[in-house]
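I opened the notebook on this model to look up its ring pairs, its helices and its pocket. The entries follow in the order in which I looked.

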Amino acid sequence: MAPALLEGLLAAGALGLRLTRCQERAPRIHWPCLDFLRSASAALVFLVVSPAAIAASQEGPAVSAFTFGLILIAIFAYDAFSTYWAEIRLEPAQGGNGNLA
């Protein structure tokens, strides 16, 4: 279950970079894209690790790890969706022709 631990450390590192306002010192990095990739990869990692935990054992800790993994999948998927929706997607042009800006 090391990938889940590494993903948690990666998320903590990303939070630390945000708290130190590193995005203001490094404007060439596309931070919303990095947030989206972090969230999407976390959801994918937990999507793989959670069923593996319940397949390895049917005992209480494995069931709680599976349940906690499902909750984290929902949280990370919502974070990826909201990051994409708010900061990455292209806005439609203001005209009525529907072309992307």
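Entry 1, aromatic pairs. I searched the whole structure and found 3 aromatic pairs. Rings of Phe, Tyr and Trp (its six-membered ring) pair if their centres lie within 6.5 Å; planes under 30 degrees apart count as stacked, over 60 as edge-to-face and the rest as tilted. One of the pairs is Phe36 with Tyr84, a tilted pair, because the ring centres are 6.2 Å apart and the planes stand at 50 degrees. This pair links distant parts of the chain, with Phe36 in helix α3 and Tyr84 in helix α4, 48 residues apart. I noted Phe36 as partly exposed at a relative accessible area of 27%, and Tyr84 as partly exposed at 37%. Here buried means under 20% relative accessible area, exposed over 50%, and partly exposed in between (1.4 Å probe, protein chains only).

I then looked up Phe81 and Trp85, whose ring centres are 6.0 Å apart with planes at 20 degrees, so I logged the pair as stacked. Phe81 and Trp85 are 4 residues apart in helix α4, which means a separation of about one helical turn. Phe81 is partly exposed at 49%, and Trp85 is partly exposed at 47%.

The model is predicted: local features need pLDDT of at least 70, side-chain atom pairs count only at pLDDT 80 or more, and totals for chains, interfaces and linings use all residues. Residues are numbered from 1 along each chain as its sequence is written, and side-chain values use heavy atoms, with hydrogens and water left out.

I counted 4 helices and 0 strands, in the order α-α-α-α from the N terminus. Helices (H or I, at least four residues) and strands (E, at least two) are DSSP runs, numbered from the N terminus. Of the 101 residues in the chain, 25% are buried. Among contacts (heavy atoms within 4.5 Å) with a separation of 6 or more, 59% join residues 24 or more positions apart.

Is Thr83 buried or exposed? Thr83 sits in helix α4 (residues 60-88) and counts as buried, because its relative accessibility is 9%. Not counting residues up to four places away in sequence, Thr83 touches Pro32, Asp35, Phe36 and Ile88.

Phe66 is also found in helix α4, and I logged Phe66 as partly exposed at 25% relative accessibility. Leaving aside neighbours within four places in sequence, Phe66 is in contact with Ser50, Pro51 and Ile54. From Phe66 to Val49 I read 8.3 Å, C-alpha to C-alpha, across 17 residues of sequence.

Which residues line the largest pocket? I listed Leu10, Ala14, Leu17, Arg18, Trp31, Leu34, Asp35, Leu37 and Arg38. Two or more lining residues come from each of α1 (2-19) and α3 (31-56), and α3 gives the largest share, 5 residues. A pocket is an open set of points on a 1 Å grid over the protein atoms alone, where a 1.4 Å probe fits, with protein on both sides within 12 Å along at least five of seven lines; lining residues have an atom within 4 Å of a point.

I sorted the lining into 6 nonpolar, no polar and 3 charged residues. Ala, Val, Leu, Ile, Met, Phe, Trp, Tyr, Cys and Pro count as nonpolar, Asp, Glu, Lys and Arg as charged, and the others, Gly among them, as polar.
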